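Please look over the sequence and the model below before reading on. The report that comes after them is meant to be followed with the structure open.

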Amino acid sequence: PVAPEPDLAALRTQIDAIDKRLLGLLNERAALALEIGEIKRSEGSVAFRPEREAQVIATLRSANAGPLRSENVAPIWREIMSACRALETPTRVAFLGPAGTFSEEASLAFFGSAIVKLPCVNFDEVLHAGVTGAADFAVVPVENSTEGVVTRSLDLFLTTPLFIIGETSLLVRHNLLRAENSLDGVKAVCAHPQALAQCHAWLTNHLPHAERRPASSNAEAARLASLDPLLAAIASTRAGAEFGLHVVAPAIQDEAHNRTRFAILAHPERQPRPQASGHDCTSLVVSVTNRPGAVHDMLVPLKKHGVSMSRFESRPARSGQWEYYFYIDIQGHPDQPAIAAALQELRDVCAFFKLLGTYPIDTH
């Protein structure tokens, strides 16, 4: 005879039993994390090692046999590691506030939810919190797939003593939020300038006569919209929930696959530079004297040593002499001989050279 298929109640009973076993295993892991924390404290080492967490996730992804999707492994284990890390020491993270910004979402995606949140009023304050030690880490956006680089972040990288220890990429969906559940009577749309630019076509088609009003962040725009019935905001659903707003129009960004890349920064006196993980990026900023062939000569060491460049951006040096800073991402880690040799030769031909950081590549 064919065995009867298990009914819903029986399946739920099995899931409940598995959940209890999972909880037991998670507590075993947490106990080991506490022991590791004691060893780290006695050695004076830090609780968070981005390359170690990246290796853990990469190993689990490769070992995953399904039906759980491999892309879902990372957020699950980030939360597990976040909860275990919080048993060792609180992780204080500064980001552009108020609550509900994409910077907050990026912070949670990278560190997990067991962090101490430190929302700041602008990017300058975010990095300042990291410099003074008010925060262990600072999170800032550096590049958007639609609008390009976030110029203020790049300019701040020139002078900050913080260095990049990680990155995360976030799929950004912009929503039109309002206290009234209607498009009628919107006098102005408020958002961060980058968000306004990323929704230019939608705003032109649907709210052509509404003023476009810049704000320090999208979440701040949502806060302002909660106070003014004539104002709409462009922000995340998280910000809408935070300030009690209706989603009048969802996903109004002009590009469906609109992503923003965020850098995670720390102070070198409090957080060691990540060791090689096998899948690393090295970021630097350089400048060369304004002479014929200078940019070509700057790139020769990379080609000579077979180093792949994944990003090359220029920013005016504001010297009035038509000089530029060049922001470069290369694939690899300075512990690799070819990377080390290329960086040394590059340093020799540059008028200005600053290593911004080396970190595991985000695999989102």
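The sections below take up a sheet, several helices, some backbone features and the cysteines in turn.

The model discussed here is predicted. Within the model, 5 strands form an open sheet in the order S8-S7-S9-S6-S10, and their pairing is mixed. Strand S8 (211–214) and S10 are the edge strands, each of them pairing on one side only. Direction ignored, neighbouring strands of this sheet are turned by 35 degrees against each other on average. Strand S7 (residues 188–191) pairs with S8 in the parallel sense over 4 bridges, and within this pairing Ala-188 has Glu-211 of S8 as its bridge partner.

When residues up to four places away in sequence are not counted, Gln-198 touches Asn-144, Thr-146, Glu-147, Val-172, His-174, Gln-253, Asp-254 and Asn-258.

Ser-82 is found in helix H3 and counts as buried, with a relative accessibility of 0%. Leaving aside neighbours within four places in sequence, Ser-82 is in contact with Phe-111, Gly-112, Ser-113 and Ala-114. For one of these contacts, Phe-111, the separation from Ser-82 is 29 residues in sequence and 6.1 Å in space, taken from C-alpha to C-alpha.

Phe-111 is also one of the buried residues of H4, which are Phe-102, Ser-103, Glu-104, Ala-106, Ser-107, Leu-108, Phe-110 and Phe-111. Because 8 of the 10 residues of H4 are buried, this helix is largely enclosed by the rest of the structure. Just after H4, Gly-112 takes a positive phi of about 85 degrees, and Gly-112 is among the residues that Ser-82 contacts.

## Helices H11 and H12

Two packed helices are described by the angle between their axes and the distance between the axes. For helix H11 (residues 294–304) and helix H12 (residues 337–349), the axes come within 9 Å and cross at roughly 170 degrees, which makes H11 roughly antiparallel to H12. On the H11 side the contact is made by Asp-297, Met-298, Pro-301, Leu-302 and Lys-304, and on the H12 side by Ala-342, Glu-345, Leu-346 and Val-349. Sorted by class, this contact of H11 with H12 has 6 nonpolar residues, no polar residues and 3 charged residues.

## Strands S12 and S15

Strand S12 (residues 280–287) and S15 run antiparallel and are joined by 8 bridges, with Pro-360 in S15 as the bridge partner of Asp-280. Of the 9 residues of strand S15 (residues 352–360), 7 are buried, so this strand is largely enclosed by the rest of the structure.

## Backbone features in loops

Most residues other than glycine have a negative phi, and most peptide bonds are trans. Against that background, the peptide bond from Gly-66 to Pro-67 is cis, with omega near 10 degrees, and Pro-67 lies in the loop between helix H2 (50–63) and helix H3 (73–88). The peptide bond from Gly-97 to Pro-98 is also cis, with omega near 0 degrees, and Pro-98 has its place in the loop between strand S1 (92–96) and helix H4 (102–111).

Ala-251 is not a glycine, yet it has a positive phi of about 50 degrees. The residue is found in the loop between strand S10 (246–249) and strand S11 (259–266), where Ala-251 is partly exposed, with a relative accessible area of 40%.

## Cysteines

A disulfide is a covalent bond between the sulfur atoms of two cysteines. How many disulfides does a search of the whole structure find? The search finds 0. In the case of Cys-281, the closest cysteine sulfur is that of Cys-350, and because the distance is 17 Å it is too far for a bond. Cys-281 counts as buried at 7% relative accessibility, and Cys-84 counts as buried at 6%.

Definitions and conventions:
Residues numbered from 1 in each chain as written. Predicted model: local features only at pLDDT ≥ 70, side-chain atom pairs only at ≥ 80, totals over all residues. Heavy atoms only, no water. Disulfide = S-S within 2.5 Å. Buried < 20%, exposed > 50% of the residue type's maximum accessible area, 1.4 Å probe, protein only. Axes fitted to C-alpha atoms, helices over the stretch in contact; angles between N-to-C directions. Helix = DSSP H or I, 4+ residues; strand = E, 2+ residues; numbered from the N terminus. Parallel < 35°, antiparallel > 145°, perpendicular 65-115°, else oblique. Contact = heavy atoms within 4.5 Å. Nonpolar A, V, L, I, M, F, W, Y, C, P; charged D, E, K, R; others polar. Pairing = 2+ DSSP bridges.
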